[in-house]
Amino acid sequence: MIKITFPDGAVREYETGISALQIARSISEGLAKKVLAASVNGQVWDAGRPIYQDASLKLLTWGDTEGKSTFWHSSAHLMAEAVESLFEGVKFWVGPPVENGFYYDMDLGGKQMTEEDLRKLEVKMTELARQQEAFQRKEISKADAIQYFTEKGDEYKLDLLQNLQDGEITFYTQGQFTDLCRGPHIPHTGLIKAIRLTNIAGAYWKGDERNKMLTRVYGVTFPSQKELDEYLALLEEAKKRDHRKLGKELGIFTMDDDIGPGLPLWLPNGTIIIEELEKLAKQTEEKGGYKRVVTPHIAKENLYLTSGHLPYYQDSMYPPMELDGVKYYLKAMNCPHHHKIFAAEQKSYKDLPFRLAEYGTCYRYEQSGELFGLMRVRCLHMNDAHIYCTKEQFYEEFKAVNDMYLKYFKIFGIGKYVMRLSLHEPSKLGKKYVDEPALWKETEALVRDVLIRTNTPFVEVPDEAAFYGPKIDVQIWSTIGREFTLATNQVDFAQGRRFKLEFTNRDNQAETPLIIHRAPLGTHERFIGFLLEHYAGKFPLWLAPVQVKILPISDKFLEYAQTLLQSLKNADIRAEIDDRSEKIGKKIRDTELAKIPYMLVIGEKEVAENLVSLRKQGKGDLGKRTIEEFIRDARQEISDRRGE
RNA sequence: GCCAUUGUAGCUCAGUGGUAGAGCACUUCCUUGGUAAGGAAGAGGUCGUGAGUUCGAUUCUCAUCAACGGCUCCA
């Protein structure tokens, strides 16, 4: 007999060799039907695998992350089985679960897969699932495994086997399909009730662009049709919040073939948002002791040779234009320009920290396949600043930057974010990173220290630093689940020396400052793209391009509307009159759809009483008040930069 | 940059080897209506661009550009 400890602390005895599935069945048949896998002593196992020793046990179902990923992993195998039956000679690479479903990479031997094939595969998968094929685990020796795949002529699985040792190799078989796999899997394919293969994509073998391109098929499955339907509905919702769609509908930005890929044109509404964001940044930076500067969009080649950017990033800079035998580049970053401003006047330790801020326009020739709406563009406006400070000042400065991030997150209601401490990879010194091992260690420790001392939660990620120093990237998620890097906060020990930046210290010695690069609001492009999805286009009052729409019941009241408009304009509130000869219902509907925060409905009664009827977007009628009252409240809401 | 898909009116989309349609938006007229769509008429496209096949191409083929989905990349 063995002792099994359950998550609630209960301990029960079972016969040696009992499986999690049998235990579940002993509790209830209903539970047993839902069990997908089991966590045995913290390890995820097949639910049907016998347990021979005392263990802690957690039954995993659809509600558990591991249960879900096991389900999707098994679904990938089911898909592979279907693919094998429809595409003879297919060879598989890997098929893991992902955040929303699974994929399997495969070599179709020159054959092409189409959307129609996906539908056929879905049918085949459903058919196979109905047969309730059990997933059978088999431990196998490396020699036998190699023999199996050699006979099959599968070089991909043989490649995988190279890195595996005897004793850790297992095969899983369901129906006609056998795969090298460490598992675990769900008990049988019959649990997979709803199947949707979502798309076909290319993916480099082992993620290396020098390798062969494999075919990757993505899919998602569910234990019931209802859940699939809900998932599809969610995708529909996400589509409506897509910043590219909203950006067009709300007149924020546009792209034009004649301008060029990745070069957005900011429409008047979008420009208002840009100006409001810059106002916020200027106010915040003013308080933080930053000085504003403006620098040119181009510079001589030599500047980027000095900074060290050119050898690292030449391919992603627009090619140079040559004038009088000198090459000029469009700037891809603002730092070298700011360094030159630091160097323009003699500096003493009394001038430090020296903080320069600029909403700098940069041009980056991003690979064509990288371009993505506003999120990834070739012309960007960066909320950039550089802080030149001593090592002693570093902690306070870095902390102040961190605090600034948090202040912004509060204003914009960004609740979910992850700070990623990006470190260098020692083996790539001199290639991807500046070859200064001691300085890397020192600055990485400095940054880690700030995060720890300020109790900032963070994760460490290796091999993601900038070439000149470690950095903190802030990862955020838009409400439709899109993940991206918003802000970045970097330490730079390299460029100060390269530019021979110096200040005179207390001992009358020349010293090189540390440089902090920071961009809490990222770029206008990415941030506004994010905000569009974050707010679903319903901007808070302070950001809304049009804040108030005046809706006269009929054009008899246009004159009164004009006096209201004038009052609003005098109070710096962005307002418009809907002077079309439409019914009030139509005017309200159009204003609601344009996501304008406030509507002032005026008719005979309002004119007689010298009032306005206030209506809030999405909330409906709020009743009557004087225009002065409305202006007072609206101005307060704007100056508070209120989110809701 | 690589693999796959898509490109028709301002927007969303239908359609065809014989030089194109809907809804919304737009213009004009009628309507002056009280909290999410009043009515009528009209204007608008050399079907992404270039070449080829064909008596004839928006439709078929190729190339090219762009967008979208991934991969790789992101100072």
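Predicted model: local features only at pLDDT ≥ 70, side-chain atom pairs only at ≥ 80, totals over all residues.
Modeller: The side chain of asparagine 505 has a polar atom 2.9 Å from the backbone nitrogen of aspartate 507. Residues are numbered from 1 along each chain as its sequence is written, while chains are lettered from A and ligands numbered from 1 in the order in which they are written.

Biologist: What joins the side chains of asparagine 505 and glutamate 511?

Modeller: A polar contact of 2.8 Å joins them. The term needs a pair of N or O atoms within 3.5 Å; within protein, one must be able to donate a hydrogen and the other to accept it, and residues adjacent in sequence count only if both atoms are side-chain atoms.

Biologist: Is asparagine 505 buried or exposed?

Modeller: Asparagine 505 has a relative accessible area of 14%, so it is called buried (buried is under 20%, exposed over 50%, partly exposed in between, with a 1.4 Å probe and protein chains only).

Biologist: Which protein atoms lie by a base nitrogen of RNA strand B?

Modeller: A backbone N or O atom of isoleucine 553 lies 2.5 Å from one, and a polar side-chain atom of aspartate 555 lies 2.7 Å from one. Arginine 376 has a polar side-chain atom 2.8 Å from a base oxygen.

Biologist: What makes strand 18 an edge of its sheet?

Modeller: The open sheet has 8 strands in the order 18-22-23-30-27-26-24-25, with mixed pairing. Strand 18 (291–292) and strand 25 (458–461) each have a single partner strand, so one side of each is left without a neighbour in the sheet. Strands here are DSSP runs (E, at least two residues; helices are H or I, at least four), numbered from the N terminus.

Biologist: How many bridges join strand 18 to strand 22?

Modeller: 2 bridges join these parallel strands. Two strands pair if DSSP finds at least two bridges between them, so strands 18 and 22, with 2, count as paired.

Definitions and conventions
Heavy atoms only, no water.
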